[in-house]
Amino acid sequence: MNRQKTVELFYTVVKKFHNAASNRDPKRSTRNGQNLCLYMIERHGTISQKRLAAELDIRATSLSETIARLEAKGLIQREPSAEDRRTFMISLTEAGMQEMDRIRKLRMADDVRLLAPLSDAEIETFHAILKKISEYHKEMK
């Protein structure tokens with residue numbers, strides 16, 4: 001099997017997943033990068049802006065604009081850290097939690113539809129392959 005064709009096919013599928021996410025939500029008020037940011041905040045509960053930038057693998061200055069937009073929409077709140085007043089801790093607001101629930105429901109419907117051609121065994125294999133690739137690249141950092 002040709003590796004280059006496999007990589008090209010992978011990117012084609014990723015683009016289809018991405019486009020499905022972009023097109024599924026008529027009430028969409030956030031962009032994909034903002035959604036990823038919300039997801040990471042939800043996953044951690046409360047997280048420092050510096051750690052969030054590291055988790056998202058972006059510069060803190062790039063994250064500042066996203067944080068400001070999410071805060072203006074009332075989806076997150078920033079508070080100075082109790083340990084270090086120069087550090088801001090970020091968490092979801094009630095509206096942010098509701099938005100994440102709404103996004104998750106839409107995403108689950110997409111996931112079912114996009115993975116429909118695969119059997120349960122193929123999904124398990126696909127998951128194992130993606131996990132292996134992800135873990136390899138984590139070690140490379």
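**Exercise 1. Find the largest nonpolar core in this predicted model, and work out which elements build it.**

Solution. 
Step 1: Count the members. The largest nonpolar core has 16 residues.
Step 2: Now look at the elements. Those giving two or more residues to the core are α2, α3 (49-56), α4 and β3 (88-92). Helix α2 gives the largest share, four residues.
Step 3: Zoom in on I67. Skipping residues up to four places away in sequence, I67 touches C37, Q49, L52, I76, R78 and I90.

**Exercise 2. Are helices α2 and α4 roughly parallel or roughly perpendicular to each other?**

Solution. 
Step 1: Get the geometry. Helix α2 (residues 32-44) and helix α4 (residues 60-72) pack at about 80°, and their axes are 10 Å apart.
Step 2: Angles from 65 to 115 degrees count as roughly perpendicular, so that's the label for α2 and α4.
Step 3: See who meets whom. From α2 come Q34, C37 and L38; from α4 come L63, T66, I67, R69 and L70. Sorted by type, the contact has five nonpolar residues, two polar and one charged.

**Exercise 3. Which parts does the salt bridge between R104 and E42 tie together?**

Solution. 
Step 1: Check the distance. The closest N and O atoms of R104 and E42 are 2.3 Å apart.
Step 2: R104 sits in helix α5 (residues 94-114) and E42 in helix α2, so the pair ties together parts 62 residues apart in sequence.
Step 3: Check accessibility. R104, at 33%, is partly exposed, and E42, at 28%, is partly exposed too.
Step 4: Widen the view. E42, D101 and R104 are linked in a network of salt bridges.

Note on methods:
Residues are numbered from 1 along each chain as its sequence is written. This is a predicted model: local features need pLDDT of at least 70, side-chain atom pairs count only at pLDDT 80 or more; totals for chains, interfaces and linings use all residues. Side-chain values use heavy atoms; hydrogens and water are left out. Axes are lines fitted to C-alpha atoms, for helices over the stretch in contact, and angles run from 0 to 180 degrees between N-to-C directions. Angles under 35 degrees count as roughly parallel, over 145 as roughly antiparallel, 65 to 115 as roughly perpendicular and the rest as oblique. Contact means heavy atoms within 4.5 Å. Ala, Val, Leu, Ile, Met, Phe, Trp, Tyr, Cys and Pro count as nonpolar, Asp, Glu, Lys and Arg as charged, and the others, Gly among them, as polar. A nonpolar core is a set of buried Ala, Val, Leu, Ile, Met, Phe, Trp, Tyr and Cys residues joined through side-chain atoms within 4.5 Å. Buried means under 20% relative accessible area, exposed over 50%, partly exposed in between (1.4 Å probe, protein chains only). A salt bridge is a side-chain nitrogen of Lys or Arg within 4 Å of a carboxyl oxygen of Asp or Glu.
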